[in-house]
Amino acid sequence: MANRIWMDTVEAGSCSIGTDDTPTTRVRFNPVTGSLRLQAPGLQRLFFLEAAAPVFPKIILHNEYGLRMGTCTFDDSRQRSGTLQLDEGKYRFTVGAEGLLLRRRDGAEWRALPDGLLPASADFLAALLFAFCWQCTQPAAQPLKVA
């Protein structure tokens, strides 16, 4: 099964993530409020993103109660690689012509092929990375755990 990301061309800041031709998780990011909404079958979650470093952006993910859930740190100003920490897991990511690659330390990896251009904004890209990591690593019925 191939992971895919469907970028919404009508609603800015929105996309869907799924496998093959079946989108299962809806992602909506609002840059004004910094909110990230995930909707999957039987699950709706609200998170907030906070920028912590201006030069090479570090984005912190908080849940709806303000508890820190994870971080996304970019290696450089082009925002094409970096480190993502979510729950107890730590991942390396790269964004390139082959799509989005997420690799865990134990060697497990996931790739997603976008149907359009991935977001250029660091905040929206971090939101998409958090959502993709959640989609790939969490059982559908399990919410994210507090870090």
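Q: Why is Asn3 called buried in this predicted model?
A: Asn3 has a relative accessibility of 13%. Buried means under 20%, so Asn3 counts as buried.

Q: Where is Asn3 placed, and what does Asn3 contact beyond its neighbours within four places in sequence?
A: Asn3 belongs to strand β1, residues 3-7. Leaving aside neighbours within four places in sequence, its contacts are Gly18, Thr19, Trp110, Arg111, Ala112, Leu113, Phe132 and Cys136.

Q: What makes the approach of the Asn3 side chain to the backbone oxygen of Arg111 a polar contact?
A: The side chain of Asn3 reaches that oxygen of Arg111 at 3.3 Å.

Q: Why is Arg45 counted as buried?
A: The relative accessible area of Arg45 is 13%. The limit for buried is under 20%, so Arg45 is buried. Arg45 is found in strand β5, residues 43-53, and its side chain is joined to that of Glu64 by a polar contact of 3.1 Å.

Q: Why does Arg92 count as partly exposed?
A: The relative accessibility of Arg92 is 38%.

Q: Which residues does Arg92 touch, not counting residues up to four places away in sequence?
A: Arg92, found in strand β9 (residues 89-96), touches Asp75, Ser81, Gly82, Thr83, Leu101, Leu102 and Arg103 on that count. With Asp75, the side chain of Arg92 forms a polar contact of 2.6 Å. A polar atom of the Arg92 side chain also lies 3.0 Å from the backbone oxygen of Gly82.

Q: How do you know that the span of helix α1 agrees with its number of residues?
A: Helix α1 has 16 residues, 122-137, which at 1.5 Å a residue should span 22 Å. The expected span is 1.5 Å times one less than the number of residues. The end C-alpha atoms of α1 are 22 Å apart, so the two values agree.

Q: Why is α1 said to be largely enclosed by the rest of the structure?
A: Of the 16 residues of α1, 14 are buried, and the helix is therefore described as largely enclosed.

Q: What caps the N-terminal end of α1?
A: Ser121 caps that end, with a side-chain oxygen 3.3 Å from the backbone nitrogen of Asp123.

Technical notes
Residues are numbered from 1 along each chain as its sequence is written. This is a predicted model: local features need pLDDT of at least 70, side-chain atom pairs count only at pLDDT 80 or more; totals for chains, interfaces and linings use all residues. Side-chain values use heavy atoms; hydrogens and water are left out. Helices (H or I, at least four residues) and strands (E, at least two) are DSSP runs, numbered from the N terminus. Buried means under 20% relative accessible area, exposed over 50%, partly exposed in between (1.4 Å probe, protein chains only). Contact means heavy atoms within 4.5 Å. A polar contact is a pair of N or O atoms within 3.5 Å; within protein, one must be able to donate a hydrogen and the other to accept it, and residues adjacent in sequence count only if both atoms are side-chain atoms.
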